[in-house]
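Biologist: I would like to learn how to read a model like this one. Please start with the terms, then show me the case.

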Amino acid sequence: ERAEMEARVHDIKKELGTALFIPGHHYQKDEVIQFADAVGDSLQLAQVSAANRQAEHIVFCGVHFMAETADILTSNNQTVYLPDMRAGCSMADMADIYQTERAWTALQELFGNTIIPLTYVNSTAAIKAFTGRNGGSCVTSSNARSMVEWAFTEKPRILFLPDQHLGRNTAFDIGVPLDHMAVWNPLTDTLEFEGNFEDVQVILWKGHCSVHENFTTANIKELRRTRPDIKIIVHPECRREVVALSDDNGSTKYIIDTIEKAAPGSAWAVGTEMNLVKRIIQQHSDKEIISLNPNMCPCLTMNRIDLPHLLWSLETIMAEEAGNIIQVDECTAAEAKLSLDRMLARAD
Ligand code: 13P
Ligand code: SF4
């Protein structure tokens, strides 16, 4: 059955040629990645989607916010599909536009016109549009540092949403003290901060990635005791304490590149999504690579995209049936594009 499905995907790809483009995020399963025309992290996939003017059909193997981003960045005669509509992102779901507008009003009252929004691409199109119309920019984990530096040239304060950990880790990296960071709690509409409001430089939205929060300081301490030789590298969506105790941290692409360059025989514990860790293990048999958390699971929503869903999506295109089309309304897309373009203009 699997072989039949694979053969059919190959046939459809051949038949559609360059009219079909399949971007695949690094966290996707191997059974899907084998068919991707481009594999990358969220920044790379945003860049290749923006650059592609040929493909009429873009079947996005990733999660909902990534497909929305592709739809915003591509032209009107290109259609973006998500093979399974249940492939969402629990982090993106932690900030809805109503909560965000309420937060913005309250923060303007507290701090006046001194704040710029910075939004991780792991967010809905509506939040990206909010960011665009308020002068802010998107960021990804690959460019968060340079985007935070840019934001401080615009305004003295940043509202960073929806991932508190990426925001905290990045701001800390460029020298913002932890006690100058406040947390906005969208469930209670309150600012969590002890100290003088004048000192607040970064306001972190209280959201997180349920995958990367599973790496703990206990995992690190256990490894330091049993394997003092092993190097620990984690994604900045991990908590501050975890990043602080690790040897290195960076985006998905940074992790892949670092292990690629590492000396043969070196040993690494990796704190990121499991489909990717498994692939890194397979690709580097000359190095010892393990997951930082031995009980780690893949990202469940990324995993919703599998071979049957990919094939189903392609069959809807072949049959000219309405598939899972992702279409951001024009008004939202135009404002969201402002925030994406501000990021892409500064990305390498
Ligand atoms: P990057 O692809 O930017 O590393 O983000 C990781 C992630 O969690 C994607 O959902
Ligand atoms: Fe969202 Fe985390 Fe899954 Fe990425 S790994 S899609 S941030 S839940």
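Modeller: The model is predicted. Helices and strands here are DSSP runs, numbered from the N terminus, and a helix needs at least four residues. Thr252 lies in helix 11, which covers residues 252-261.

Biologist: Is Thr252 buried or exposed?

Modeller: A residue counts as buried if 20 or more other C-beta atoms lie within 10 Å of its own. Thr252 has 23 within 10 Å, so Thr252 is buried.

Biologist: Which residues is Thr252 in contact with, leaving aside its neighbours within four places in sequence?

Modeller: They are His26, Asp41, Ser141, His235, Thr272 and Leu276. The unreviewed UniProt entry lists Thr252 under "binding site", and Ser141 and His235 are listed there too.

Biologist: Tyr120 is in that UniProt list as well. Where is Tyr120 placed?

Modeller: Tyr120 belongs to strand 6, residues 115-120. Tyr120 counts as buried because 29 C-beta neighbours lie inside 10 Å. Beyond four places in sequence, Tyr120 contacts Val139, Pro162, Asp163 and Leu166.

Biologist: How should I read a nonpolar core?

Modeller: In soluble globular proteins, nonpolar side chains tend to be buried together. Here the largest nonpolar core has 96 residues. Helix 4, residues 64-73, gives the largest share of this core, 6 residues.

Biologist: Which residues have the most contacts inside the core?

Modeller: Phe60, Ile158, Phe160, Ile203, Val270 and Leu310. Take Ile203: leaving aside neighbours within four places in sequence, Ile203 is in contact with Leu107, Arg157, Ile158, Leu159, Phe160, Ala182 and Trp184.

Technical notes: Residues numbered from 1 in each chain as written. Chains lettered and ligands numbered in written order. Predicted model: local features only at pLDDT ≥ 70, side-chain atom pairs only at ≥ 80, totals over all residues. Core = buried A, V, L, I, M, F, W, Y, C linked by C-beta atoms within 7 Å. Buried ≥ 20, exposed ≤ 12 C-beta atoms within 10 Å, placed from the backbone. Helix = DSSP H or I, 4+ residues; strand = E, 2+ residues; numbered from the N terminus. Contact = placed C-beta atoms within 7 Å. UniProt positions renumbered as here; feature names shortened; annotations may be inferred.
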